[in-house]
Amino acid sequence: MTIKDIIGDYSILGTNQNDSGVTYSGTLKLSLKNNQIIAKWLINKNQEQFGIGFFKNNILVINFNYKGEENNTYYGTIFYKCLNKDILEGYWTEEYGDPTFLGTENCFRIKNSLVN
């Protein structure tokens, strides 16, 4: 697989970085700028997250950030194993998450999408 193979829009399903069992869904848009991956998530239709990353050996690594409660900015990293060009399997952590857990996120390519 090449970096261009993973560019596109995905639906996502994930779990938070704790033992609450809380799940989330949303979309992920991956684009390419100067050979870097640019990521934009929309979680549960209301929370935007942004990231920049790189792709090598079918692994995609993205450092991300988002505005949370009280307008604080939170930072994290997600690692995706690219199973094929349509399915990504990920694990993530953020700076204030529970360090004894990893969040999970699975991505499924949206065919013929109009996601922004």
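**Aromatic pairs, cysteines and a buried glutamine**

Guide: Four aromatic pairs are counted in this predicted model.

Visitor: How are the rings of W41 and F64 placed relative to each other?

Guide: The reading rests on the distance between ring centres and the angle between ring planes. The centres of W41 and F64 are 5.8 Å apart and the planes stand at 65°, so the pair is edge-to-face, because an angle over 60 degrees falls in that class.

Visitor: Which parts of the chain does this pair tie together?

Guide: W41 belongs to strand β3 (residues 36–43) and F64 to strand β5 (residues 59–67), so the contact ties together parts 23 residues apart in sequence.

Visitor: What is the geometry of the pair formed by F64 and W92?

Guide: F64 and W92 are also edge-to-face, with 6.4 Å from centre to centre and 80° between the planes. This pair links distant parts of the chain, since F64 is in strand β5 and W92 in strand β7 (residues 87–94), 28 residues apart. W92 has a relative accessibility of 9% and therefore counts as buried, because the limit is 20%.

Visitor: Which residues do the ring pairs link into a cluster?

Guide: The cluster consists of W41, F64 and W92, joined through ring pairs.

Visitor: Let us turn to the cysteines. How many disulfides does the count come to?

Guide: A disulfide is read from the distance between two cysteine sulfur atoms, which must lie within 2.5 Å. The count here is zero. For C82, the nearest cysteine sulfur is that of C107, 8.9 Å away, and C82 is in no disulfide. C107 is likewise in no disulfide, its nearest cysteine sulfur being that of C82.

Visitor: Are C82 and C107 buried or exposed?

Guide: C82 counts as buried at 4% relative accessibility, and C107 is buried with a relative accessible area of 0%.

Visitor: With which side chain does the side chain of Q49 make a polar contact?

Guide: The partner is the side chain of Q47, at 2.7 Å.

Visitor: Which residues does Q49 touch, not counting residues up to four places away in sequence?

Guide: With those neighbours left out, Q49 touches A39, K40, W41, I43, F64, N65 and Y66. Among them, W41 and F64 also form the edge-to-face ring pair described above.

Definitions and conventions: Residues are numbered from 1 along each chain as its sequence is written. This is a predicted model: local features need pLDDT of at least 70, side-chain atom pairs count only at pLDDT 80 or more; totals for chains, interfaces and linings use all residues. Side-chain values use heavy atoms; hydrogens and water are left out. A polar contact is a pair of N or O atoms within 3.5 Å; within protein, one must be able to donate a hydrogen and the other to accept it, and residues adjacent in sequence count only if both atoms are side-chain atoms. Contact means heavy atoms within 4.5 Å. Buried means under 20% relative accessible area, exposed over 50%, partly exposed in between (1.4 Å probe, protein chains only). Rings of Phe, Tyr and Trp (its six-membered ring) pair if their centres lie within 6.5 Å; planes under 30 degrees apart count as stacked, over 60 as edge-to-face and the rest as tilted. Helices (H or I, at least four residues) and strands (E, at least two) are DSSP runs, numbered from the N terminus.
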